[in-house]
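Subject: Handing over the two-chain model

Hi,

Here is the structure I promised to pass on. Have a look at it first, and then read my notes below.

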Amino acid sequence: MRKITGKKFYTSLFMSCISLFSACWLSGCEMIEYHPYDLDIDGETGINAKNIERIESALQGKDSFSFVFISDTQRWYDETEDAVAAINRLDSVDFVIHTGDLSDFGLKLEFELQRNILNKLNVPYVCLLGNHDCLATGQDVYRLIFGDENFTFEAGNTHFVCLNTNALEFDYTEAIPDLAFMENDRNQLPGSCTRTVAAMHAAPYTEQFNNNIALVFQHYLKTYPSLQLCLAGHTHSLSVEELFDDDVLYYTAPSIKKRTLLRFTFTPDTYQYETIAF
Amino acid sequence: MKQLLFNLIALLLLPLLPITTLGSPSDSTSLPSPRKWDKRVHQRYEGWERLRPTHVKFQYAGGMGVSAVGIGWDYGKRRQWESDFLVGFLPGKYADKFRLTFTVKQSYIPWSMSFDKHWALEPFYCGLYVTTIAGEEFWKKEPGRYPNGYYNFSTKMRPYIFIGQRMNFNLKNSIVKHVAMFYEISSCELYIISKATNSSLKMKDILRISFGVKVQLFKDND
């Protein structure tokens, strides 16, 4: 009697293990991972370059456009999914800008998951490098999936300059923010650019920023044609501040956990912003 | 962050369990009572011989590099416990440069089903391992440039839990006692934390599969 129960037990155990194994086997080789910090990327790479091309061609010659601004989506996959659905429900959004911290631990998996969610957007998007994105091999993964950490693009007549400002991550040993990049970029600006928007992860005077050059940074930004506003993330809470007493506002996006989007609408003469809860 | 700390401590304390059971049962001289299915018996090395590794292992993937090799020791009346030390590598193709990994692994194999004199199945086993990776951009604790508690986790040490199955083939060989093929399904603590707080993540996002071979060394003395 006891032997039969034992046999039954073993058989059911065996069967359950086999079914578990086959279920995993069928789900494919993305379950084979050499290391959480390896650079063996699954899926799409070079996102920013492709999306910049889409933004620039769609908005060429225009002086009115609208974009949604989000930041700090790390380890909030549920909220990021909801944000993407909410953005897709909005009318007349031309692109989305994400000012960094896609990952919490710098894991390759986190970048891949965030990319998969953001790829569901109906409009093109660009992602900046956040301080968490620099952990371990995070910056290398970011470069492969998204692209360079300093980049620019044209949205109609408006120039967007996106900069890595996470100086603390590099122990202040690298040119962050890269003033030479800014100067070079400004010298090569096409004549059609009449306005500028700057985007970064950590705003001046946060602990990540190289605050000794905060004034110089702002001075360089002001040399761009008609600097409209600056976008930043990092603090996880919404704020609109004039950091340098020069009429340039710094908009800081809340983390995605706060379930609030910022939408900016640019018209030929001015811009407006609104917060959208989702 | 509290949750993260708790998980880490729990995972680090778990390997202590087998050590507490190591002392009493394996020291007693009585043989385990015969069972219908389970034919495993421990080899009973004495004195310094106990330091002799009882097996070597090869493992593919599972967060310890492209592959890892190592030595291990089994203990317990029916060799239910196994401890391994593995060295793995990540070639430059999958990382910024060639990297070594070091893994300490603890397994518990409660059952074995012997079909005939050659084949035996270990239908379920489980355990945990901690793997570290060489390189100064990976740290155990955040470097001094950060304010205290800025990141609160380690990029260098990665604890994993796993379950697996194993098939043994017994040989009549003077050096190799048996060869076992195994596979394991594992996940690390950061993946589990991510899944726990996000219903939109699927199990296949956080589960990882790996394969391996264990070669049991040395023939029985008797």
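Let's start in chain B, where strand β1 and strand β9 (residues 208-217) run antiparallel and are joined by six bridges. Strands here are DSSP runs of E with at least two residues, helices are runs of H or I with at least four, and both are numbered from the N terminus. Two strands count as paired if DSSP finds at least two bridges between them. Within β9(B), Phe211(B) is the bridge partner of Tyr60(B).

Before going further, a word on where this comes from. It's a predicted model, in which local features need pLDDT of at least 70 and side-chain atom pairs count only at pLDDT 80 or more, while totals for chains, interfaces and linings use all residues. Residues are numbered from 1 along each chain as its sequence is written, chains are lettered from A and ligands numbered from 1 in the order in which they are written, and side-chain values use heavy atoms, with hydrogens and water left out.

Back to β1(B), which covers residues 55-60. It also pairs with strand β2 (residues 67-75) of chain B, antiparallel and over six bridges. There, Lys57(B) sits opposite Gly70(B). The hairpin of β1(B) and β2(B) has six residues between the strands, and Ala61(B) takes a positive phi near 65 degrees. Which residues of β1(B) are on the covered face, and which on the uncovered one? His55(B), Lys57(B) and Gln59(B) are on the covered face, with Val56(B), Phe58(B) and Tyr60(B) on the uncovered one.

Now for chain A. It has seven helices and 11 strands, and 58% of its 278 residues are buried (under 20% relative accessible area with a 1.4 Å probe, protein chains only; exposed is over 50%, partly exposed in between). Of its contacts (heavy atoms within 4.5 Å) with a separation of 6 or more, 75% are between residues 24 or more positions apart.

Six strands of chain A make an open sheet with mixed pairing, in the order β4-β5-β6-β7-β9-β8. Its edge strands are β4 (151-155) and β8 (239-242), each pairing on one side only. β4(A) pairs with β5 (residues 158-163) of chain A in the antiparallel sense, over five bridges. Phe151(A) has Cys162(A) as its bridge partner in β5(A).

Next, helix α3 (residues 77-89) of chain A. How far apart are its end C-alpha atoms? They are 19 Å apart, which agrees with the 18 Å that its 13 residues should span at 1.5 Å a residue (the expected span is 1.5 Å times one less than the number of residues). The buried residues of α3(A) include Tyr77(A), Ala83(A) and Ile87(A). Those buried residues pack against β1 (65-70), β2 (95-98), α4 (108-118) and β10 (260-266) of chain A, together with α3 (189-196) of chain B.

Lys108(A) is in helix α4 of chain A. Is Lys108(A) buried or exposed? It's buried, because its relative accessible area is 5%.

Happy browsing!
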